[in-house]
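Q: Could you take a close look at one part of this structure and walk me through it? I'd like to see what surrounds it, and then how some other pieces are put together.

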Amino acid sequence: MDQKSIDVKAIVRVKLTVLGFFKNLGIGQGLDGVADLLLQDAFQLELLSIELDPRTPGLEKQPIKAYARRDINQKEEDEVRYEAHFSVPADCGEIGAILVQNEHRREQFLEDIVLTGLPYGDVTIYCDSWVHSKFENPEKRIFFTNKSYLPSQTPGGLKRFRERELENLRGNGEGERKSFERIYDYDTYNDLGDPDSNLELQRPVLGGKKHPYPRRCRTGRPLSKIDPLSETRSSSFYVPRDEEFADVKEISFGVNILSAVLHALVPTLEATIVDKNLGFPTFATIDSLFKDGIELPQLKNQRDLKLILPGLVLADTEKDILLFQKPEVVERDELAWIRDEEFSRQTLAGVNPCSIKLVEEWPLKSALNPEIYGPPESAITTETIERQIKGYTTFEEALGQKKIFILDYHDVFLPYINKVREIQGTSLYSSRTLFFLTPQGTLNPLVIELTRPPSNGKPQWKQVFTPSLNATESWLWRLAKVHVLANDSAHHQLISHWLRTHCCTEPYIIAANRQLSAAHPIYRLLYPHFRYTMEINALAREALINADGIIETTFSARKYCMELSSDIYDQAWRFDFQALPADLISRGLAVEDSTAPHGLKLTIEDYPYANDGLILWDAIMEWVSEYVNHYYPEEDLVESDQELQAWWAEIKNKGHEDKKDEKWWPMLKTQKDLVEIITSMIWVSSGHHAAVNFLQYTYAGYFPNRPTIARTKMPSEDPTEEEWNKFLDKPYLTLLESFPSKIQATKVMAVLDILSTHSPDEEYIGDRIEPSWAEDPAVKEAFERFNKKLKGIEETIDGRNANKDLQNRHGAGTLPYEVLKPFSKPGLTGMGVPYSISI
């Protein structure tokens with residue numbers, strides 16, 4: 001060995017996928033296997049110094065090359081190890097990155113590369129990345145060490161490589177993307193329909209002047225022959241290769257299980273329940289879903305449902321039996337779904353706690369065109385409310401004291417009612433529901449208004465329903481609640497869940513990969529919060545939000561679901577309202593108060609979502625503040641960070657292009673600006689998503705508590721004598737007929753079961769430190785404080801749930817509010833906040 005050289009060894013760890021050593025290798029498997037056994041060169045590695053070469057000004061030092069070969073002595077079963085040996089010049093300087101070329105004929109998943117023998121200690125380079133074969137793409141992959149650099153602070157030896165990697169990730173915007181590529185680009189939602197297979201499946205493009213919408217990742221598939229504005233659909237949906245984790249995670253990983261439900265269980269259910277309009281004739285038949293289950297047929301080429309869905313399909317029977325677990329809301333109280341107090345409580349502590357608003361203007365009035373939709377004035381009068389709150393206060397006092405609240409789904413749904421009603425087996429109303437805040441801190445429902453616009457020569461129809469001791473009025477009230485809950489379910493799934501979390505986050509992820517280097521500290525801060533999201537979003541476009549998919553066939557807006565979400569994005573979505581404090585203020589649920597905890601005074605003191613959310617929000621903001629101020633000690637570093645500014649500009653101008661000219665976009669000039677922007681993104685991907693996702697089966701698994709659709713109109717809307725008498729004779733049958741059909745209910749229940757379940761390898765916020773954070777002692781200490789604070793939040797939430805004065809989370813048969821407890825065990829737990837939108 002040369003005295004001026006150092007012997008350095010590299011250990012390369014390649015992870016085996018859950019589908020076997022290599023996925024779908026074909027002939028390549030044999031060639032790669034032989035290469036490994038014969039100790040052929042498996043990877044070409046090149047070490048990159050952080051220094052420029054003093055002998056050639058402006059140029060990097062020459063990379064130090066070596067080939068990695070299979071370690072035949074390894075014993076681990078879930079990985080393959082390779083070794084490489086380098087002769088590193090003594091004056092090489094610090095190693096800042098490594099280039100990798102995969103000599104196999106198929107991609108490999110690199111976990112990490114460990115360098116030993118360096119004078120300053122061992123270096124572990126974390127990869128967690130698919131590396132394409134050189135036969136697919138000769139471009140070498142680069143992996144940086146765990147040291148983070150702002151662009152202006154990047155060592156000279158790495159600058160060109162940093163810039164080159166970003167160019168590769170952006171691509172050129174041309175051609176159809178190939179599965180092995182890692183290219184991030186933007187496109188509209190022009191792939192939800194499938195007009196080439198059936199004209200009935202044609203859907204409008206979401207994104208653009210007519211239907212504003214966030215952008216998705218570009219796939220570049222051929223355009224439809226029938227609709228040249230839309231892309232054709234295919235059996236697989238491209239996402240950049242490093243956004244796909246299903247192959248390298250556990251079989252029980254959420255994406256894998258959800259895919260099994262969508263591609264195996266749902267088709268089996270559709271083959272079993274042939275009559276799509278078949279409902280539930282009795283409540284006993286609903287209960288049988290949890291007691292007896294549904295016998296499933298064995299379909300041709302069907303995968304073993306017992307193996308892939310052990311939590312849903314019984315494993316100890318000869319036949320496949322789909323048996324649902326009884327949701328906790330009715331396990332604790334079988335009559336909870338009937339009670340008005342529970343109906344109200346769930347607006348604050350249920351699965352959709354972010355839609356209720358304070359009534360700040362009176363009388364209520366629609367903003368829609370009266371020439372099309374009829375008189376804009378609400379039928380809810382002051383006198384109606386006075387009768388409901390008599391004994392408490394007057395209406396004027398209640399309004400002035402901020403005690404009247406509303407679920408307002410009037411203008412949102414009214415334009416779609418006539419179109420939706422043309423679809424067989426579907427009804428729809430716009431709705432307003434008012435609540436009164438009692439002295440006990442709970443909400444009482446006061447009144448429901450349902451409206452149908454002018455239709456087929458008939459004038460606008462609207463009716464007000466109130467709780468009543470009168471038998472007929474009481475049943476009408478119960479039926480009106482079904483329609484309100486169907487509207488709330490649709491708004492929850494399409495807006496609170498899909499739009500505000502999954503959909504609006506994807507542009508942040510695309511922009512981060514296009515504009516922020518993997519060595520950028522902000523990229524590394526956001527990375528765990530962006531993991532898995534693009535893969536689950538692609539699966540959603542494939543089988544959940546697509547034409548005739550789960551959402552369209554089971555939710556109240558039917559084929560117009562996604563169009564409706566576009567309308568609300570256009571009218572109501574603002575980035576500055578995604579921060580939890582701003583969201584609460586915008587809905588009248590809080591006001592700024594410097595003397596109050598979190599700087600906010602809540603309008604409803606016992607508001608579990610807000611109370612628990614704010615302590616989590618504060619913890620996230622404190623962690624982000626420490627991290628940001630560590631890397632940006634001076635204000636001008638934020639504004640002069642070219643990558644950071646390009647990232648934020650691209651989010652506004654490309655990712656959310658249809659809102660690029662809005663004045664509410666935050667400026668990005670100071671550390672405070674950056675902290676608020678990052679905290680909002682992290683909150684949406686962690687806390688907000690957890691709150692609207694992981695209670696879905698708990699509250700909607702028993703669909704009478706939260707139906708996704710109301711299939712029949714109110715019996716009081718233009719009834720025939722026969723219809724009215726039928727209702728009077730057996731009102732419970734009218735209620736059952738309004739519920740989802742058997743196929744609609746079971747499809748939703750199966751999907752919600754999976755969406756609400758934590759996988760064994762779930763990654764919870766603040767639980768495990770990222771390697772790049774651990775590299776820097778100051779950042780590591782800040783993370784440890786964050787972790788400690790999160791554990792304290794768990795204790796705080798437990799204490800609140802034990803407080804008998806907090807009736808929205810404590811009481812006989814009442815579910816505690818635990819969904820924002822940061823950590824959880826696997827399964828259907830109703831608690832736990834993952835880092836990212838991973839399901």
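A: Let's start at Ser836, which lies in the segment after helix 28 (777-801); helices (H or I, at least four residues) and strands (E, at least two) are DSSP runs, numbered from the N terminus. This is a predicted model, where local features need pLDDT of at least 70 and side-chain atom pairs pLDDT 80 or more, while totals for chains, interfaces and linings use all residues. Residues are numbered from 1 along each chain as its sequence is written, and side-chain values use heavy atoms, leaving out hydrogens and water.

Ser836 has a relative accessible area of 3%, so it's buried (under 20%; exposed is over 50%, partly exposed in between, with a 1.4 Å probe and protein chains only). Who's around it? Apart from neighbours within four places in sequence, Ser836 is in contact (heavy atoms within 4.5 Å) with Pro528, His529, Phe530, Arg531, Tyr532, Thr533 and Ser685.

Now look at helix 15 (residues 533-543): its axis comes within 11 Å of that of helix 3 (residues 254-272), and the two cross at roughly 5 degrees (axes are lines fitted to C-alpha atoms, for helices over the stretch in contact, with angles from 0 to 180 degrees between N-to-C directions). On the helix 3 side, Val255, Leu258, Ser259, Leu262 and His263 do the touching, and they meet Glu535, Ile536, Leu539, Glu542 and Ala543 of helix 15.

Helix 26 (residues 742-755) is mostly covered too, with 13 of its 14 residues buried.

One is open, with 8 antiparallel strands in the order 7-6-1-4-3-2-5-8. Strand 7 (123-131) and strand 8 (141-144) are at its edges with a single partner each, so one side of each has no neighbour in the sheet. From one strand to the next, the twist averages 25 degrees. Inside this sheet, strand 1 (residues 5-15) pairs with strand 4 (residues 79-89) over 11 bridges, in the antiparallel sense (pairing takes at least two DSSP bridges). For instance, Ser5 has Pro89 in strand 4 as its bridge partner. Helix 2 (residues 156-170) packs on the sheet, touching strand 2 (43-49), strand 5 (95-102) and strand 8, and its direction makes about 125 degrees with that of strand 8.

Another open sheet has 5 strands, ordered 13-14-15-16-17 and paired antiparallel. Strand 13 and strand 14 (residues 404-409) share 2 bridges, and Lys357 has Ile406 as its partner in strand 14. Helix 7 (residues 340-349) lies across strand 14, strand 15 (430-437) and strand 16 (443-452), at about 85 degrees to strand 16.

Notes
Expected span 1.5 Å × (residues − 1).
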